[in-house]
Amino acid sequence: MATKSEKTREAILNTSYALFAEKGFKQVTMKDVCEATNMSRGGLYSHFSSTSLLFEALLQKITEKDALGFQERIEKKDSATAILEDTLNRMEDEMKHPEASLSLAMYEYAETVDSDLMERLNKDSEKKWKNLIRYGIDRGEFRDVNVSGIVNVILFSYQGVRMWSRIIPMKPETFRSIVDHVKNQLIGGWK
């Protein structure tokens with residue numbers, strides 16, 4: 001069971017997600033977070049001493065949650081195709097909502113902070129996807145593809161669309177074509 005401190009920290013992270021998605025990284029201040037969470041500065045600072053540390057914790061939480069979801073389903077011997085379908089459907093839904101994207105904040109964060117966090121997060125995502133694709137190949141559900149190549153397509157097309165959709169309007173067909181391309185490369189038979 002989570003302690004009061006852990007619940008407070010979780011609430012701060014959940015609330016700050018919306019702030020960073022809306023404003024980017026550079027424009028969010030600790031005062032903004034205090035106002036959004038109805039916390040005093042002292043209360044907030046007892047959990048996070050800066051927006052950088054808050055944003056890093058948020059990114060870490062998201063990455064760990066995603067990685068655990070894949071790994072748990074693989075350990076349960078779920079169908080690789082089902083895991084892929086669920087994940088791509090979630091990604092497509094996220095691409096449709098640029099207002100909820102952290103891509104701009106991630107870009108700004110990487111520009112302003114000397115940290116290897118972004119590279120580590122990317123490596124974690126690569127590892128997660130490679131594990132899923134190898135799992136699918138080993139089970140005979142996925143084609144024997146260039147694993148690194150398809151992982152690059154997945155990660156960078158997704159992040160590219162998330163960033164660009166904040167700048168230019170995109171049609172649902174764009175998101176669908178990316179998802180269908182990945183499915184076709186891995187499973188085949190998709191239009």
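# Working through a helical chain

By class, the residues lining the largest cavity come to 7 nonpolar, 1 polar and no charged. (Ala, Val, Leu, Ile, Met, Phe, Trp, Tyr, Cys and Pro count as nonpolar, Asp, Glu, Lys and Arg as charged, and the others, Gly among them, as polar.) The model is predicted, so local features need pLDDT of at least 70 and side-chain atom pairs pLDDT 80 or more, while totals for chains, interfaces and linings use all residues. Numbering starts from 1 along each chain as its sequence is written, and side-chain values use heavy atoms, with hydrogens and water left out.

**Exercise 1. Find out which elements make up the chain and how far its C-alpha trace spans.**

Start with the count: there are 9 helices and 0 strands (DSSP runs numbered from the N terminus, H or I of at least four residues for helices, E of at least two for strands). Read from the N terminus, the order is α-α-α-α-α-α-α-α-α. Next, the span: along the principal axes, the C-alpha trace covers about 55 × 40 × 25 Å. Then look inside: of the 191 residues in the chain, 39% are buried (under 20% relative accessible area with a 1.4 Å probe, protein chains only; exposed is over 50%, partly exposed in between). Finally, take the contacts with a separation of 6 or more: 73% of them join residues 24 or more positions apart (contact means heavy atoms within 4.5 Å).

**Exercise 2. Work out how helices α8 and α9 are oriented to each other, and which residues make the contact.**

First locate them: α8 is residues 147–164 and α9 is residues 172–186. Their axes come within 11 Å and cross at roughly 175 degrees (lines fitted to C-alpha atoms over the stretch in contact, with angles from 0 to 180 degrees between N-to-C directions). The two helices are therefore roughly antiparallel (an angle over 145 degrees). On the α8 side, the contact uses Ile150, Val153, Ile154, Ser157 and Val161. From α9 come Phe175, Ile178, His181, Val182, Gln185 and Leu186. Sort these residues by class and you get 8 nonpolar, 3 polar and no charged.

**Exercise 3. Name the residues that line the largest cavity and the helices that supply them.**

A cavity here is a set of points on a 1 Å grid over the protein atoms alone where a 1.4 Å probe fits but cannot get out, and lining residues have an atom within 4 Å of a point. Go through the lining: Leu88, Met91, Met95, Ile154, Ser157, Ile178, Val179 and Val182.

**Exercise 4. Decide whether Glu92 is buried or exposed, and list what it touches.**

Begin with its place, which is helix α5. Its relative accessibility is 6%, so Glu92 counts as buried. Set aside neighbours within four places in sequence, and Glu92 contacts Phe175, Arg176 and Val179.

**Exercise 5. Check the phi of Asn38 and Lys77, and say where each one sits.**

Take Asn38: phi is near 60 degrees, a positive value in a residue other than glycine. Asn38 sits in the loop between α2 (30–37) and α3 (41–45), and at 72% relative accessibility it is exposed.

Now Lys77: phi is near 65 degrees, again positive in a residue other than glycine. Lys77 belongs to the loop between α4 (51–75) and α5, and is exposed with a relative accessible area of 59%.

Definitions and conventions:
Angles under 35 degrees count as roughly parallel, over 145 as roughly antiparallel, 65 to 115 as roughly perpendicular and the rest as oblique. On a 1 Å grid over the protein atoms alone, a cavity is a set of points where a 1.4 Å probe fits but cannot get out, and a pocket is an open set with protein on both sides within 12 Å along at least five of seven lines; lining residues have an atom within 4 Å of a point.
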